[in-house]
Amino acid sequence: MRHGIKVNFSDKHDNYFSAYKYVVKYDADYVLSDNHPDLTNATAPRKTNASQKPKGTAKKAGAATKKKKKRIAVYDVVRIIQTKGIKSRLELMALANKWQEQGKTDLAEFVSNRGPRVVNEALETAHELTMAEKRLERINKTRMQLLQEHLTQPCRDNCEGIWLRSAAEILEGNGIPVSIFAGAVYDALLQGRGKYRNIYIYGPANCGKTFLISPLKTIYECFVNPASGSFAWVGVDQAE
């Protein structure tokens, strides 16, 4: 302060009226120019809000640039897996590396930061979403309907009916009428597993036991060969 004059600087004003109010509030001896309007009891001009808005918007824009970069979501990865037809974690890693070389690091950051468990869950979810409609359609069909659908399809591996002739030969060689065996299988498929409906095939090794029921494993989602241990039958309830 020189010569008894105190100087204040303020840049917090959006218009002249705001600056005027600031000056007269702290300076009792202010001097106005000739023909200056009397603003003693005046209110803020109508354009005050409009003049303040750009400033507020600028602050918001500045704050937005400081926000942390948004990570790619699991759903986005699931969509990538579906779109690209990816079947394994290795294929996803290869795609992430390819995109990383092109400057797109989002997927590489995801597989690196989220770990194998999340990546495998994304793969499983993508597969379930892709197959959900077909899976639901299959669940709503009976076992006999699934069997009838296969009647119109060609023999597997172009066997040309060899399996049917061989199966009949095995049954006849063991004294089992084809009609009895076929009826038991039909009843089990029609009514489902239950008491007095289960089929038990007994015989020595290499006598054709597995051969007789092998087509069923092609047509249906079967529970085969339970493992040893405490959880041997886990998943049997999901078999057709």
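**Figure 1. Glutamate 121 and arginine 117 sit four residues apart in helix H6, so about one helical turn separates them.** Their side chains meet in a salt bridge, with 3.0 Å from N to O. Here a salt bridge means a side-chain nitrogen of Lys or Arg within 4 Å of a carboxyl oxygen of Asp or Glu. Glutamate 121 is partly exposed at a relative accessible area of 39%, while arginine 117 is exposed at 59%. For these labels, buried is under 20% relative accessible area, exposed is over 50%, and partly exposed lies in between, using a 1.4 Å probe and protein chains only. Please keep in mind that this is a predicted model, in which local features need pLDDT of at least 70 and side-chain atom pairs count only at pLDDT 80 or more, while totals for chains, interfaces and linings use all residues. Residues are numbered from 1 along each chain as its sequence is written, and side-chain values use heavy atoms, with hydrogens and water left out.

**Figure 2. Glutamate 221 and arginine 138 meet through their side chains in a salt bridge (3.9 Å, N to O).** Arginine 138 belongs to helix H6 and glutamate 221 to the segment after H10, so this pair ties together parts 83 residues apart in sequence. Both partners are partly exposed: glutamate 221 at 36% relative accessibility and arginine 138 at 21%. Another salt bridge to look for links glutamate 137 with lysine 141, whose closest N and O atoms are 3.9 Å apart. Glutamate 137 counts as partly exposed at 48%, and lysine 141 is partly exposed at 25%. A search of the whole structure finds five salt bridges.

**Figure 3. The largest nonpolar core has 19 residues, and Val77, Ile81, Leu92, Leu107 and Phe110 touch the most other members.** At least two residues of this core come from each of helix H3 (74-84), helix H4 (89-101), helix H5 (106-113) and helix H6 (115-139). H6 supplies the largest share, five residues. A nonpolar core is a set of buried Ala, Val, Leu, Ile, Met, Phe, Trp, Tyr and Cys residues joined through side-chain atoms within 4.5 Å. Leaving aside residues up to four places away in sequence, leucine 107 touches Val77, Ile80, Leu92, Leu95, Ala96 and Trp99. Apart from this core lies another, of 10 residues, including Leu146, Ala167, Leu189 and Leu212.

**Figure 4. Two aromatic pairs are found in the model.** Tryptophan 163 and phenylalanine 211 form a tilted pair, 5.9 Å centre to centre with 35° between the planes. This pair links distant parts of the chain, 48 residues apart: tryptophan 163 in helix H8 (residues 162-173) and phenylalanine 211 in helix H10. Tryptophan 163 is partly exposed at 27%, as is phenylalanine 211 at 31%. Tyrosine 200 and tyrosine 202 form a stacked pair, 6.4 Å centre to centre with 25° between the planes. Rings of Phe, Tyr and Trp (its six-membered ring) pair if their centres lie within 6.5 Å; planes under 30 degrees apart count as stacked, over 60 as edge-to-face and the rest as tilted.

**Figure 5. Tyrosine 196 has a positive phi of about 70° although it is not a glycine.** Its place is the loop between helix H9 (178-191) and helix H10 (209-219), and it counts as exposed at 77% relative accessibility. Asparagine 206 also has a positive phi, near 60°, in a residue other than glycine. Asparagine 206 too is found in the loop between H9 and H10, exposed at 83%.

**Figure 6. Ten helices and no strands make up the secondary structure of the protein, which has 10 helices and zero strands.** Helices (H or I, at least four residues) and strands (E, at least two) are DSSP runs, numbered from the N terminus. Of the 240 residues, 17% count as buried.

Methods: Contact means heavy atoms within 4.5 Å.
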